[in-house]
Amino acid sequence: MADGQVAELLLRRLEASDGGLDSAELAAELGMEHQAVVGAVKSLQALGEVIEAELRSTKHWELTAEGEEIAREGSHEARVFRSIPPEGLAQSELMVDSMEDEVQRRLQLVRGGQAEKLGEKERSELRKRKLLAEVTLKTYWVSKGSAFSTSISKQETELSPEMISSGSWRDRPFKPYNFLAHGVLPDSGHLHPLLKVRSQFRQIFLEMGFTEMPTDNFIESSFWNFDALFQPQQHPARDQHDTFFLRDPAEALQLPMDYVQRVKRTHSQGGYGSQGYKYNWKLDEARKNLLRTHTTSASARALYRLAQKKPFTPVKYFSIDRVFRNETLDATHLAEFHQIEGVVADHGLTLGHLMGVLREFFTKLGITQLRFKPAYNPYTEPSMEVFSYHQGLKKWVEVGNSGVFRPEMLLPMGLPENVSVIAWGLSLERPTMIKYGINNIRELVGHKVNLQMVYDSPLCRLDAEPRPPPTQEAA
Amino acid sequence: MPTVSVKRDLLFQALGRTYTDEEFDELCFEFGLELDEITSEKEIISKEQGNVKAAGASDVVLYKIDVPANRYDLLCLEGLVRGLQVFKERIKAPVYKRVMPDGKIQKLIITEETAKIRPFAVAAVLRNIKFTKDRYDSFIELQEKLHQNICRKRALVAIGTHDLDTLSGPFTYTAKRPSDIKFKPLNKTKEYTACELMNIYKTDNHLKHYLHIIENKPLYPVIYDSNGVVLSMPPIINGDHSRITVNTRNIFIECTGTDFTKAKIVLDIIVTMFSEYCENQFTVEAAEVVFPNGKSHTFPELAYRKEMVRADLINKKVGIRETPENLAKLLTRMYLKSEVIGDGNQIEIEIPPTRADIIHACDIVEDAAIAYGYNNIQMTLPKTYTIANQCSQEDIADKLGVDISATKAVHISNPKTAEFQVARTTLLPGLLKTIAANRKMPLPLKLFEISDIVIKDSNTDVGAKNYRHLCAVYYNKNPGFEIIHGLLDRIMQLLDVPPGEDKGGYVIKASEGPAFFPGRCAEIFARGQSVGKLGVLHPDVITKFELTMPCSSLEINVGPFL
């Protein structure tokens, strides 16, 4: 019998019934498998309010195959007894001359649906002998639903063009959607989190009127990377332990020699109001090529170009690009990372201006609580480290470094004396790691990147709080 | 940034008051220091070598304080305390004096042999000093800090301190063949030649780092007294004969080096810090150094320099409006004794010998700002009016004539790892390694990178040039050439480059390359120039990157399209 027919039968019986009916009883009356009735109940349930079905479970005792045999044929002992011929065995020593087959009688009671007439002890003895088993039967108590009807039609799964043109959708019931299921993900590319954060920083700089500096030279001479910044030639940063030098091409081919002479004089003898470092400045040292250790070398080039343009015009510059350091590698340090740098050059800039620009910049990042600590950088004076209050760690953490470029750096370039240049920098990786909750920088940068992380990372809104980490679900 | 570790209780005793950790942290922050760690000797040993070794070690609380790299005057307890007390106006900055001895001046004579190896030397005497265990430890520790920082690991300057009462001047600083130098060095029980010592110290964890400074030189520097006793063999080791102890009363200090300016600064720092414990506080006995040209100089210099800065300059640079008198007070708190002179707008600032970091007016401006309190400065926005521009790399088009493949990679002389010996000339290996590290991810893997590569180029000032590349790979059960090709078509569509060989269009032509499977490689020509290649990777390449699936790739120089 097909599903639909069983359902129809069920509905008709239900209509005639007084209150409801039991699925197992119905199956017995119709002489069909209980499972078929259950199927019909479920398909009617899916239609909505046609019927109501309450799951009930009942326990009853059933005979096992062996139990069935005994109920029919008698117990093994009884059968042995009966098979002994009356003329006797030498040992009619069975010591009984007649017997009641108690096991058979008890099993027959169970078969007759009167298991309750047996005591608990008797039932459990039979169960141990594997003649009897307790079976749980799940049945439905079916009653009329609020939309009860004996005529049902099959549900449609989806709306089709034909239904729309014929208007048949008006009369058709539709199968409900399972809104708990997941949707199908669209085919899409995924940007690396560093790219997402970088474009946010670019956006912020552009909103603030900053122009992007060219930074397309990973290879830099020591001159632009250090000497131009008034960083002395014996400075520890210029050590092999801190900087990657080049074997090939080992030396810069050209340097702006007029300017180089002014830089040399400022280092070795002073000038422009400075005592200088008073040491023997060497051109060979300045020619040494390296992988740039900061983007400030690009800023120095940009400021030098600016100084050659007369008259001076105020500028705001920024850059975000790769730098290289001979660091000890660990979970938060790599030999290469990205630096974000902002520079403003104008007449009469003050430390207050630097702090004001930093406040605007960090406010756009969603960081409002700032504090400034005196610090030392070789090429800025005054220098200040920027700290922000971290709500999670409950302490002040360093978020950037900043300062006013030293006159010994700016004046040899040819910038006017009353022009000040304020600048600040931070790394791209650190805010990205914080934003995306990444603890190991190797998972973020380089070929060991975790692609699943790239696939799953949300878009970057620096001014919004990061999502709290998922909490452990109660076991 | 150097870290100085001081005993908390000694520090508070010297400061004349106690602080909570938070209060002291706050004071450091304000002054430009950083309370980096609160620990103890026991904790340090237990962290580094385990609890067993730490048993019995001292659990006296230590403050580890980060000091700015240019403030050599804050590298010991004595200096830190003096700096903070002056800052808090609890004491006035002491005045350091150089005095002539009652008897004969100590002489150090430099011979010309030193010229090629370590030409400079300076010297001074601390008379009637009174050490305690803590003071003595601090004295030794300061020398170590100076050696590690301003002395550039003894390469620029090396310090030797000696018990003057065990020696007899005049002293001679000369250079000799290593086999001709023989003495009993510190912490050894017998005499060795310099050659032997250099061998012994190869396994000394502390000293082995300094050997390279003189190792391959024909002559080693050495200082003798008038009886031929070796004071030291700089920059390696002192002699045992003149070693100082807690009970030493008169100290002869010599600094030798290759940087005269720094040698003088180092000497000034040591004597200003520790003359505090001399019978005549803050006075230092002069020593005479005779240079090979016969000229004599007296050390330590202990020079006080006067600088003149206008008050309105400080106000303008910081962005505050303080009276000249107030600014002078602020500077005085920073160990720079200042007073208003002249027209009432001029401030005369005295730079003491401890503040070698003050070399320009901007250094004075910074100190005024620190004393004013960075966080008290009113934040303002500059009126700098500018129009933002994004970077374009137009200059690349004319360089396209350069055949990129014929140029060479840039080599690093001190690479960190085998993987990091050249600057990359192609992006493909990085993407293939990324796939190898992500083999558990479902197929297909479609990756791209747009980044700079570096090529040697003698047309630029540094001899190398960046190119902006785009690389994409497709990794699946089938090579998917058509997918990579489709990506190229799409990129060109978006860049407004039409298909076709006409000028301005793009086309791909059969080609070959070692990375590609024969017959499955094409060269990409756009706007009449070769810009890159695409194709199915050679199985050997796939295997070498520990991959197992077919893979196709595309790499182009995007410079011409920007």
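In the predicted model, helix H6 of chain A is followed by Gly113(A), a residue with a positive phi, near 80 degrees. Helix H6(A) itself spans residues 102–111, and its buried residues are Val103(A), Gln104(A), Arg106(A), Leu107(A), Leu109(A) and Val110(A).

The interface between the chains was then considered as a whole. Contacts join 92 residues of chain A to 80 residues of chain B. The size of an interface is often expressed as the accessible area lost when the parts come together. For chain A and chain B, about 7,200 Å² is buried between them, with 56% of it on carbon and sulfur atoms. On the side of chain A, the most area is lost to chain B by Asp216(A), Pro374(A) and His447(A), which together account for 9% of what that side buries.

Polar contacts across the interface of chain A and chain B amount to 40 residue pairs, both residues of each pair being at pLDDT 80 or more. Helix H14 (residues 351–364) of chain A supplies the largest share of the side of chain A that touches chain B, namely eight residues. By residue class, this side of chain A comprises 42 nonpolar, 26 polar and 24 charged residues.

Strand pairing also crosses between the chains. Strand E6 of chain A (residues 246–248) pairs with strand E20 of chain B (residues 411–412) in the antiparallel sense, over two bridges. In this pairing, Leu246(A) has Ile412(B) in E20(B) as its bridge partner.

Side chains of opposite charge can pair when their charged atoms come close. Over all chains, the structure holds 45 salt bridges, and the count between chain A and chain B is six. In one salt bridge, the side chain of Arg301(A) meets that of Asp461(B), at 2.9 Å from N to O. A network of salt bridges links Glu381(A), Arg406(A) and Glu408(A) with Asp363(B).

Within chain A, a salt bridge is formed by Glu212(A) and Arg202(A), with their closest N and O atoms 2.8 Å apart. This pair links distant parts of the chain, 10 residues apart: Glu212(A) lies in strand E4 (residues 211–212) and Arg202(A) in helix H9 (residues 193–207) of chain A. The relative accessible area of Glu212(A) is 14%, under the 20% limit, so this residue counts as buried.

Asp343(B) and Arg310(B) meet through their side chains at 3.5 Å, N to O. These residues are 33 residues apart, with Asp343(B) in the loop between strand E18 (337–341) and strand E19 (346–351), and Arg310(B) in strand E17 (residues 305–310) of chain B. Asp343(B) is exposed, with a relative accessible area of 53%, whereas Arg310(B), at 34%, is partly exposed.

Two further buried positions of chain B were examined. Thr161(B) is placed in strand E7 (residues 157–163) and has a relative accessibility of 5%, so it counts as buried. Beyond four places in sequence, Thr161(B) touches Phe139(B), Gln143(B), Asn238(B), Ser242(B), Ile244(B), Ile251(B), Phe252(B) and Ile253(B). With Gln143(B), the contact of Thr161(B) includes a side-chain to side-chain polar contact of 3.4 Å.

His147(B) is found in helix H6 (residues 133–148) of chain B and counts as buried at 4% relative accessibility. Its contacts, leaving aside neighbours within four places in sequence, are with Arg152(B), Lys153(B), Arg154(B), Val157(B), Ala158(B) and Ile159(B). Thr161(B) and His147(B) are separated by 14 residues in sequence and by 13 Å in space, from C-alpha to C-alpha.

Technical notes. Residues are numbered from 1 along each chain as its sequence is written. Chains are lettered from A and ligands numbered from 1 in the order in which they are written. This is a predicted model: local features need pLDDT of at least 70, side-chain atom pairs count only at pLDDT 80 or more; totals for chains, interfaces and linings use all residues. Side-chain values use heavy atoms; hydrogens and water are left out. Contact means heavy atoms within 4.5 Å. Buried area is the accessible area (1.4 Å probe) that two parts lose on being put together, summed over both. A salt bridge is a side-chain nitrogen of Lys or Arg within 4 Å of a carboxyl oxygen of Asp or Glu. A polar contact is a pair of N or O atoms within 3.5 Å; within protein, one must be able to donate a hydrogen and the other to accept it, and residues adjacent in sequence count only if both atoms are side-chain atoms. Helices (H or I, at least four residues) and strands (E, at least two) are DSSP runs, numbered from the N terminus. Ala, Val, Leu, Ile, Met, Phe, Trp, Tyr, Cys and Pro count as nonpolar, Asp, Glu, Lys and Arg as charged, and the others, Gly among them, as polar. Two strands pair if DSSP finds at least two bridges between them. Buried means under 20% relative accessible area, exposed over 50%, partly exposed in between (1.4 Å probe, protein chains only).
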